[in-house]
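Good morning, colleagues. Today I would like to speak about salt bridges, and I ask you to look at the following structure with me.

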Amino acid sequence: MITVTAQRARRESELSDERLRTGRPLSALDGLPIVWKDVFDVAGTVTTLGSASRRHGDAATADGALVRRASNLGTVTVGKTNLSEFAFSGLGINRAFGTPVNPIDPGLVPGGSSSGAAVAVATGIAPLAVGTDTSGSVRVPAAFTGCVGFRASFNRYGRNDFHPLSPALDTVGVIAKTVARILDFDRALASDADYVDSPKLRLVVPTGELIDECSDAVANAFAAAVDRLRGAGAVTTAEVPSLRQAQHLLDTHGTIVGADAYATYRRLLEQPQDIEPATRRRLVASARFEHTVDVVRKAMPALRRQFATELGGGLLLCPTVRHAPPRIADLLTSEQVYDAANASTLRTTMVLSYLGTCGISLPLGRSPIGMLLSAPFGHDRRLLTAAMTVQAAIE
């Protein structure tokens, strides 16, 4: 936690207790403790974005729109969670505010950027955490800490009102211990119509690097889970060309996230002491994307349509991250090792973000390994309903 809102939590919980005693709950979320990634404005608190450069900024004068809507449904705001600086890393290391401790193994990274959100849920500080997911920032830390992490479709809960990293790819994410808890949140706050559920679960395991480049530990855990799923629905293996084409674009022309981050935070390179060395390196590396990434942006709409067509009503199934979480001590020995680990950690989730997917990471046993279900844009309710079945089958 970066900020604990103790007085607010007591006030909101007392009001909720009274409503529940008199049988007048505001929603299924009434009385539920909730924490917010520190990119959302919560009245009376400084929104730090996990950066020392913003530690002494002005406090927000009002709740952001989503925070306010959740509060009006009876949630109890406990505080603001830690994150990778500016939400610009998949590892979760933060030298300014401290790195949240992975409860599975304190030596491992917690995953990022919504590191504090995942650790808060995993350790029982709150049963529900709201973060953001641009390139994997909810799905990755959920996988690394043994939680369920849901990336919602763009603007599913209303227009994004948190502090952005990449406006074209940023979206709200939710972390909990169960899919059912996330489904309650989605039912209460989703702003679009429901999609009709598919009559039968159909899961598509893609050929190519999303599977082939996994470590032995991840590949074995994933294969065992797939075997358990075969009784719950059809599991097929198929080529999904849009994945390969999208990854080629990102590898050749750069990432939208990098270009957007550089445009927003390039001014901080003039005062490098105000930002973490790893953030500075990523911003410098992203400068080259400023004039090349338009090719990636222009190709995005057609590739998203192609992806939906290729799935044919199915859901993509793959490991959330291709390797187990790296050890913090190993990363701090070398800048090259650190940066390579960040890139590899986000490689699967980033390409799926580019394809506009909603996605949900489910834990595989007690290991820091996740299984990722993904659906085309807008099919969130179908995804969550299917994830209930999948979670029950693999537990």
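Does Asp186 count as buried or exposed? At 0% relative accessibility, Asp186 counts as buried, where buried means under 20% relative accessible area, exposed over 50%, and partly exposed in between (1.4 Å probe, protein chains only). Please note that this is a predicted model, in which local features need pLDDT of at least 70, side-chain atom pairs count only at pLDDT 80 or more, and totals for chains, interfaces and linings use all residues. Residues are numbered from 1 along each chain as its sequence is written, and side-chain values use heavy atoms, with hydrogens and water left out.

Asp186 forms a salt bridge with Arg156, at 2.6 Å from N to O; the term denotes a side-chain nitrogen of Lys or Arg within 4 Å of a carboxyl oxygen of Asp or Glu. Asp186 belongs to helix H5 (residues 179–189) and Arg156 to the loop between strands E5 (148–151) and E6 (171–176), so the pair ties together parts 30 residues apart in sequence. Helices (H or I, at least four residues) and strands (E, at least two) are DSSP runs, numbered from the N terminus. Arg156 is likewise buried, at 4%.

I turn to a second pair. Arg347 and Asp251 meet in a salt bridge of 2.9 Å, N to O. Because Arg347 lies in helix H13 (residues 335–354) and Asp251 in helix H8 (residues 241–253), this pair ties together parts 96 residues apart in sequence. Salt bridges with shared partners join Glu209, Glu213, Asp251, Arg322 and Arg347 into one network. Arg347, at 25% relative accessibility, is partly exposed, as is Asp251 at 47%.
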